[in-house]
Amino acid sequence: VLVWVILAPLLGALINGLVFASGFWKRVIGGDEHTEKRIVSFLGCGVIFISAILSSILFLSLLELAPSDRRIVQELYLWIPSGDFSVSIEFLFDPLSCVMALVVTWIGFLIHVYSIGYMHEDRSYSRYFTYLNLFIFFMLVLVLGNNFPLLFVGWEGVGLASYLLIGFWYEDYEKARAGKKAFIVNRIGDFGFIIGIFLIFYVFGSTNFSDVFSKALDPAFIRVIPGALITVIALLLFVGAVGKSAQFPLYVWLPDAMAGPTPVSALIHAATMVTAGAYMMARCSAFYTQSPTAQIVVVSIAAFTALLAASMAITQNDIKKVLAYSTISQLGYMFMAIGVGAYAAGLFHLVTHAFFKALLFLGAGSVIHSLAGEQDIRKMGGLRRYIPLTSYTFLVGTLAIAGIPFLSGFFSKDEILGSLIERGFVIHWIIALITVCLTALYMIRLYILAFEGGTRVPVPIKGHIHESPYAMTIPLIILAILSIFGGYIGVPDFMGMAVGVPQSNIFEGFVAPSLYVVELSSSIHHILGHWSVTLLSIIAAVIGVAIAVYLYIVNPVSQQTLMRNNLISTVYRVSYAKWFVDEIYDSIIVKPFNSISIWAARFDLEIIDGAVNGISDVVILTASILRSAQTGILRFYAAAMAIGALAIIVYIVISAG
Amino acid sequence: VAIGVEHYLVLSSILFVIGTIGVITRRNIIIVLMSIELMLNSANLAFVAFSKVLGDMTGHVFMIMSITFAAAEVAVGLALVVSVYTHRESLNIDILKMLKG
């Protein structure tokens, strides 16, 4: 069964690609386009539905087992048998990969359905579904693979699918360029990741998860290897995660990745692929828990990323860019939790974030769809009256991400903030708290500018604003419901009674067998109590909401008053320019690299090519001299032969005599 | 005067040199072919002479083979000469220098 979870999307991709996207259907069979779209939609969504159902069945069968036995392993065949190094195509279904597989398949299914509506007009419809199915296939290989090489195959595969989908409208140079940027920036991270995998094989002599982690947790084994090795491995793997999950300093590809179709942004660049880094680090919890140095690096980079991205999100005017920076910031939260060793909290946020961020992106897609491609929130406003369903579901997503109590984002965010302070990372906790405030501010700003107040939509488009088709609105409604109630699977222990959930923290209990967590020693007391931490984060969120409401609804004139302040307008401009990070990268990395390339090209052209051409010139010169001997006159050849033979005879006679 | 092996060899050398000079100096293709035949036959003569002196039949065998090949060579050579003549309307060997380097 497990194999079919993975193979179903591959089959979908193959059929969609070979039969429809290749033009075989249209040109060879002569089928019409309408039927093609129907078959492609049915097939594309159907295969994902099959794998979603199958992974749900596997999830139920996992629940029947005792918590410590919850592992289903299926080996297909030995892939690379090479001496000591052997890699199998082998899949693992344990609580951790189960959570990921369920999120990927179900959210993926909803987004496939949504895409039927969103991409309906596109002429590369079947190519789109081919890529989308291919992505789900690689993502499942990533989360279900039972060894590092297979994880890496999935890792690269989703990178490829992401590249193909960002540059989906490749006729547009900027969009093709964004795809390239994503691919190249990810390459930098993958470099660290693959060295990490080599090092794992070198140290542990295996790449299989259970072999590696059982050795990593064996005190006798750890004692004989150099102490810093675990830290080095953990940091190299983190470099990979930084690239894939868009953390500072490699996050720059993600905002540009918004060039792809909006459902793609929802699926790949918000809900699933970017969380692969968090999944991988949770899988490697045995390394991170044993390396305090790596933990501090991870949590610091994550906190910095969360704050930086949130500060950029505040001033952006493109609806998708705001959501992109918000994704980076939320990924920062997940990595903070993972960095302090609260893997379950990070994964819980991963799940709730998948719900509400998919909802927000699909909502944004619905807005863009109804406005005929407009993405600038300055040209929106008052859309609530025209597209009520989209705007209400978007509001749910906004409140969930802002951390308004009792929606899903509140519980997961609270657990992360709680675990930060529980483990004594006070400075990081303060940064996270500021980020909560900023998150509420930029999300409410986005909502108000797009859906509330008077409309700023240009007149020609205004008449055509329409609510999106059912294929798009039904996924929105389902995701909105998940965003509201999804948090109740992981209500923190101390809140259980207060919100009336009988069994608190089901989620943490479920994933615990896959994770290696050190129990906190009782000597570490909370600096603040549970409830006061929660209260502070609620206050932070409410402050953010209040500022946004004041600036954009109650007193819009105050924006100008604020901008007259030099300091604030400078901060605004810096934030609007995204802290000039792209420009800095351009001048310290891209430009020097380009000039090195120019020198290298010159070296190649003049010195290497010069040497090669010089040799051939010498040959040509010699040949032109020797050529004069070949006159073409047969009698001359005969004479030469005769004289030559005579000379040889004379020589033999003389030397013999 | 008793005819010894030296006489045969001298005759053979004279024939060979005449043939060589013919190949080098004459321009008519037919004459060149004939000169080549002369060179071959001088060699055959030397074979037979040595064979007789040494009492070994190998020289005879070589001579017979050589005559056979020479017959085939003349057949092919004359056919080529005819073909050359139909194309070029000349038997001058010096005009055949398309393979000049």
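Predicted model: local features only at pLDDT ≥ 70, side-chain atom pairs only at ≥ 80, totals over all residues.

A salt bridge is here a side-chain nitrogen of Lys or Arg lying within 4 Å of a carboxyl oxygen of Asp or Glu.

**First stop: the contact between the chains**

Select R635(A) together with D94(B). These two residues form a salt bridge, and their closest N and O atoms are 2.7 Å apart. The count of salt bridges between chain A and chain B is one.

Now extend the selection to the whole contact, to which chain A contributes 10 residues and chain B 13 residues. About 940 Å² is buried between chain A and chain B, with carbon and sulfur atoms giving 61% of that area. On the chain A side, highlight G632(A), L634(A) and R635(A): they supply 51% of the area that chain A buries against chain B, more than any other three residues.

**Second stop: a residue in chain B**

Move to helix α2 of chain B, residues 29-54, where S35(B) is found. Is S35(B) buried or exposed? Its relative accessibility is 8%, so S35(B) counts as buried, the cut-off being under 20%. Setting aside residues up to four places away in sequence, display what S35(B) touches: G19(B), G22(B) and V23(B).

Select L144(A), F148(A), F204(A), F287(A) and Y288(A). Within the largest nonpolar core, which has 210 residues, these five touch the most other members. Next colour helix α17 of chain A, residues 343-370, which provides the largest share of this core with 18 residues. Apart from this core lies another, of seven residues, including A638(A), V32(B), L33(B) and I93(B).

Then centre the view on F204(A). Leaving out neighbours within four places in sequence, F204(A) is in contact with V212(A), K215(A), A216(A), F221(A), I230(A), I233(A) and F287(A).

Two helices of chain A, α25 (558-564) and α26 (566-576), each give two or more residues to the patch. Which element gives the largest share of the nonpolar patch? That element is α26(A), with five residues.

Finish on Y572(A), located in helix α26 of chain A. Y572(A) has a relative accessible area of 30% and therefore counts as partly exposed, a class that lies between the buried limit of 20% and the exposed limit of 50%.

Definitions and conventions. Residues numbered from 1 in each chain as written. Chains lettered and ligands numbered in written order. Heavy atoms only, no water. Core = buried A, V, L, I, M, F, W, Y, C linked by side-chain atoms within 4.5 Å. Buried < 20%, exposed > 50% of the residue type's maximum accessible area, 1.4 Å probe, protein only. Helix = DSSP H or I, 4+ residues; strand = E, 2+ residues; numbered from the N terminus. Contact = heavy atoms within 4.5 Å. Buried area = accessible area lost by both parts, 1.4 Å probe.
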